[in-house]
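Student: Could we go through this model together, one question at a time? I would like each answer to end on the name or value I ask for.

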Amino acid sequence: MVAFRALLAVEEEYHWANALEGFKDDINGVDCPHCGVGVTIAIGDFGCYSQVWDGDKETRRGLRPAVGEKLTGTGRWMHRITVRDGQEVLTNGIAHLFGEAECPRCAGVFNVADEYTSANRPVMW
């Protein structure tokens with residue numbers, strides 16, 4: 001995982017180099033682009049889902065993983081490397097990270113990676 005994160009940094013994908021923890025229990029927060037609610041994205045051994053809390057009530061929706069062959073850009077590059085290296089956990093995690101989530105509050109569907117990138121990619125001068 002350390003070598004993979006270093007490769008991401010070399011490619012100037014700093015937000016991914018900092019975000020990926022190996023998909024054992026990765027939790028990331030994004031805002032739903034449709035209704036603005038904070039959505040927790042979980043990818044790991046305990047499941048792959050979007051989650052919203054409303055008081056004491058938790059609502060979850062399963063993530064929709066991307067098809068590796070249909071990925072483009074950084075997602076495609078990351079997926080190909082992990083497939084090549086036989087890193088099944090990373091490959092599965094990347095498919096979910098670059099897949100779609102449904103907002104548990106408004107049912108709007110959005111691309112997880114796009115929303116995470118929008119909120120976390122550093123400005124490059």
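Student: Is Asp 85 buried, exposed or partly exposed?

Tutor: This is a predicted model, in which local features need pLDDT of at least 70, side-chain atom pairs count only at pLDDT 80 or more, and totals for chains, interfaces and linings use all residues. Residues are numbered from 1 along each chain as its sequence is written, and side-chain values use heavy atoms, with hydrogens and water left out. Buried means under 20% relative accessible area and exposed over 50%, with partly exposed in between (1.4 Å probe, protein chains only). Asp 85 has a relative accessible area of 40%, so the class is partly exposed.

Student: With which residue does Asp 85 form a salt bridge?

Tutor: A salt bridge requires a side-chain nitrogen of Lys or Arg within 4 Å of a carboxyl oxygen of Asp or Glu. For Asp 85 the closest N and O atoms are 2.8 Å apart. The partner is exposed, at a relative accessible area of 61%, and is Arg 84.

Student: How many residues apart in sequence are the parts tied together by Arg 64 and Glu 102?

Tutor: Arg 64 and Glu 102 form a salt bridge whose closest N and O atoms are 3.2 Å apart. Helices (H or I, at least four residues) and strands (E, at least two) are DSSP runs, numbered from the N terminus. Because Arg 64 lies in the loop between E4 and H3 while Glu 102 belongs to strand E5 (residues 100-102), the pair ties together parts whose separation in sequence is 38 residues.

Student: Which strands stand at the edges of the open sheet of four strands?

Tutor: Two strands pair if DSSP finds at least two bridges between them, and this open sheet has the order E1-E2-E3-E4 with antiparallel pairing. Each edge strand has a single partner strand, so one side of each is left without a neighbour in the sheet; these are strand E1 (25-31) and strand E4 (57-62).

Student: Which residue in E2 stands opposite Val 30?

Tutor: E1 and E2 run antiparallel and are joined by seven bridges. The residue in E2 that stands opposite Val 30 is also among those touching the most other members of the largest nonpolar core, a core being a set of buried Ala, Val, Leu, Ile, Met, Phe, Trp, Tyr and Cys residues joined through side-chain atoms within 4.5 Å. The residue is Val 39.
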